Amino acid sequence: MFSWLGKQSGGRERSGGTDVVQTVTGGLRDLYLRKLLPLEEHYRFHEFHSPALEEADFENKPMVLLVGQYSTGKTTFIRYLLEQDFPGMRIGPEPTTDSFIAVMYGETEGNVPGNALVVDPKKPFRKLGRFGNAFLNRFMCSQLPNEVLKSISIIDSPGILSGEKQRISRGYDFCQVLQWFAERVDRIILLFDAHKLDISDEFSEAIKSFRGQDDKIRVVLNKADQVDTQQLMRVYGALMWSLGKVIDTPEVLRVYIGSFWAHPLRNTDNRRLFEAEAQDLFKDIQSLPQKAAVRKLNDLIKRARLAKVHAYIISYLKKEMPSVFGKENKKKELINKLPEIYIQLQREHHISAGDFPEVKKMQEQLENCDFTKFHSLKPKLIEAVDNMLANKIASLMNLIRQEESNMPTEMVHGGAFDGTMAGPFGHGYGEGAKEGADEEEWVVAKDKPAYDEIFYTLSPINGKISGISAKKEMVTSKLPNSVLGKIWKLADCDGDGMLDDEEFALAKHLIKIKLDGYELPGTLPSHLVPPSHRKPFQTAE
């Protein structure tokens, strides 16, 4: 229990009895309502940046936003994850999905139109009403009873247009809608087609609207089975080059390569690569429920820093305004001097330049504001947010760690996720150290004659070779000593510092596993234990 959240600054219990927060979600909501929201309302933060957060914003499941040009496989990707159709789904080579579709869990299958969706207090979409009917007519929620959707929700977006098509107005600010979703989702997946790598103007603007959310972005190069290995290398290089021009970050984005649909691969040369990439992507998505609390906390901290900077900007503009004459001219002067004001505030309040909103956008928004109605700086509101960031958030982190430790690492089940977890088609099944796990014969036996030839050239004494002799042979693998030391510990089953013919064969087998690119096991699996060592080995265990 964290009673620190249930007391006022004077140390008294809040009115109406105790208010002890037992969950991270409750703690975040309480901090926002008591500490951050008053600052946002006082300086009109919601008019400039982002609407106020509501109950559903704290309670909702992790969300994944899919963005890409038309016919890159966004809707097919959702169908692949769920392993079933969802209401409102349309798939085709032309721009079929012309709406934002929130695919969520529901006991019965059906659609909820946008206008009804934005008045539902249980859904985190109420603030989307400000984008008007043109958007709401292109927004819907698709509900269905699917195991995957018990843990996450998926947002399908309209296919981004290219060429002449992108000049046709959608009737609403597409990039502003994407930005709204980006601030609230846990993962943004950009989908590219191996044959469609060009980034149109609309796609470029869409990616730029994700500014500040770089940690959420992942890239999927879809339909990679339609090209051979040589072409895939060129396609990957071209994709990274294109992304480097629009994403302003020195870090390389994580790109997952594969073919995400339930059809036979057209080119099987890279099958193992596609399986490994799909597994990595699944693990990333499966980790979202466990990391949801940290993501919400991170977003709240980012919002608090921006709200503080916004308060400093607004209060400075208010302070500089004349009381009687020349208000309009002064307003224009201050708007033009906004970059200089930013620098002054950075120095005065020791704020990083990265915390400030984009200058151009801020100037455009200030054009329509009456500066005389702005409020002066209230140190108490700033102090409350500073106290939240310095003390309350740190205490809440302890609760997050407790919740994470009690949660399973893979919380997303059902659909395509179950197909890769267990059985012979699970990732890595029958490969590396797992090879021979379901066979009666010792898996090393098939190569033992070749290993025995080497063993007897090392001059064994009483059927065993010393560590020095074994080392001379093992270092020929060119593996580092740290790896060879681990192999020695695994192979020396009886711990006598020497290897018999079976232990030596096991050591060579483990070297082969490592050279083939697989990881060594932490402890020796039972199926790898040499036959003559099994009973004493298992007794020792």
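Select Met104 to begin: Met104 stands opposite Gln143 in S4. Before going further, some ground rules: residues are numbered from 1 along each chain as its sequence is written, and side-chain values use heavy atoms, with hydrogens and water left out. This is a predicted model, where local features need pLDDT of at least 70 and side-chain atom pairs count only at pLDDT 80 or more, while totals for chains, interfaces and linings use all residues.

**The sheet**

Now widen the selection to strand S2 (residues 100-105) and strand S4 (residues 139-144), which run parallel and are joined by six bridges. Strands here are DSSP E runs of at least two residues, helices are H or I runs of at least four, and both are numbered from the N terminus. Two strands count as paired if DSSP finds at least two bridges between them.

Next, show the whole open sheet: eight strands in the order S3-S4-S2-S5-S1-S6-S7-S8, with mixed pairing. At the edges sit strand S3 (110-113) and strand S8 (255-257), each pairing on one side only. From one strand to the next, the twist averages 25°; axes are lines fitted to C-alpha atoms, for helices over the stretch in contact, and angles run from 0 to 180 degrees between N-to-C directions.

**Helix H4**

Go to helix H4 (residues 74-82), where eight of the nine residues are buried (under 20% relative accessible area; exposed is over 50%, partly exposed in between, with a 1.4 Å probe and protein chains only). The buried ones include Phe77, Ile78, Tyr80, Leu81 and Leu82. Just after H4, click Glu83, which takes a positive phi of about 60°.

**Two helix pairs**

Select helix H1 (residues 24-42) with helix H15 (residues 379-405): they pack at an angle of about 165°, with their axes 10 Å apart. That makes H1 roughly antiparallel to H15 (over 145 degrees; under 35 is roughly parallel, 65 to 115 roughly perpendicular, and the rest oblique). Among the residues that meet are Leu28, Leu31 and Leu39 in H1 and Val385, Met388 and Leu396 in H15. The contact of H1 with H15 divides into 15 nonpolar, three polar and three charged residues. For those classes, Ala, Val, Leu, Ile, Met, Phe, Trp, Tyr, Cys and Pro are nonpolar, Asp, Glu, Lys and Arg are charged, and the others, Gly among them, are polar.

Then try helix H12 (residues 327-336) and H13, whose axes come within 5 Å and cross at roughly 65°. H12 and H13 are therefore roughly perpendicular to each other. Show Leu334, Ile335 and Asn336 of H12 and Leu338, Pro339 and Ile341 of H13, which make the contact. By class, the contact of H12 with H13 has five nonpolar, one polar and no charged residues.

**Two loop stops**

His350 lies in the loop between helix H13 (338-349) and helix H14 (359-366). Phi of His350 is near 55°, a positive value in a residue other than glycine. Is His350 buried or exposed? His350 is exposed, with a relative accessible area of 74%.

Lys478 is in the loop between helix H18 (467-474) and helix H19 (481-491). Although not a glycine, Lys478 has a positive phi of about 70°, and at 77% relative accessibility it counts as exposed.

**Zoom out**

Finally, show the whole protein chain: 21 helices and 10 strands. Of its 541 residues, 49% count as buried.

Definitions and conventions: Contact = heavy atoms within 4.5 Å.
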